[in-house]
Amino acid sequence: MAMLEVNDLSVYYGVIRALKGISFEVNEGEIVTLIGANGAGKTTTMQSIVGLISSKTGSVRYCGEEISKLPAHKIVRLGMTQVPEGRRIFGELTVYENLLMGAYIEKDAAKIKADIEEVYSLFPRLGERKNQIAGTLSGGEQQMLAMGRALMSHPKLLMLDEPSMGLSPLLVDFVFDMIKEIHKKGTTVLLVEQNASKSLAISDRAYVLENGRIVLSGTGAELMESEEIQKAYLGG
């Protein structure tokens, strides 16, 4: 069943057409990846889906409901959460306070406490640094915090925008292991990534964006084997 359906989505920045009628879907229980070079339209796609950018044409349906005209805060309440490019943590707040911000739709204090402990079990480093000012964390720790904060809202669909950006190879491996772990716990994942080899390796399906258009799609394994993808993204 399609959890997310994007149909004929077009987005303009002034007179520049950033997205040119893209269509794709994410089925419940999948990991789906959008890959493409810088400027291909990946982040614009993510921001359009979650209501941060208005689309000119097209529709976005989530669990059968049209959401393209909904504001971002209402979309979060439906069960869709984004980890934005660049992490966007609250740098002046502590790790613990950042996690509380992620739980703003939850009113049960006991539930919030249990959820924070669950995040600490997934990312033990956050538990060790719970009272540390978030802006002083390393890049990898900030990425863990951004992911943990997103999980506090119990998303059915977790959207990650360039989660490996700027991280060391060791931390990139860790982040992708955590994505697989989150998925294993029952969360559907939409991933935007430049690291094609890592993202395709964990994806059920993937789409390739070029200049605001989807030019190729298939299973993660199929695209890994594609000569075109190997030359463009995998160094083949």
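User: Where does T187 lie, and is T187 buried or exposed?
Analyst: In this predicted model, local features need pLDDT of at least 70, side-chain atom pairs count only at pLDDT 80 or more, and totals for chains, interfaces and linings use all residues. Residues are numbered from 1 along each chain as its sequence is written, and side-chain values use heavy atoms, with hydrogens and water left out. T187 lies in the loop between helix 7 (169-184) and strand 8 (188-193), where helices (H or I, at least four residues) and strands (E, at least two) are DSSP runs numbered from the N terminus. Because buried means under 20% relative accessible area, exposed over 50% and partly exposed in between (1.4 Å probe, protein chains only), T187, at 10%, is buried.

User: Which residues is T187 in contact with, leaving aside its neighbours within four places in sequence?
Analyst: Contact means heavy atoms within 4.5 Å. With those sequence neighbours left aside, the residues in contact with T187 are P155, K156, L158 and I182.

User: Which helix gives the most to the lining of the second largest pocket?
Analyst: T187 is also among the residues that lie nearest the centre of this pocket, together with E118, L151, H154 and K185. The lining divides into six nonpolar, three polar and four charged residues, where Ala, Val, Leu, Ile, Met, Phe, Trp, Tyr, Cys and Pro count as nonpolar, Asp, Glu, Lys and Arg as charged, and the others, Gly among them, as polar. A pocket is an open set of points on a 1 Å grid over the protein atoms alone, where a 1.4 Å probe fits, with protein on both sides within 12 Å along at least five of seven lines, and lining residues have an atom within 4 Å of a point. With four residues, the element that gives the most to this lining is helix 4 (residues 109-122).
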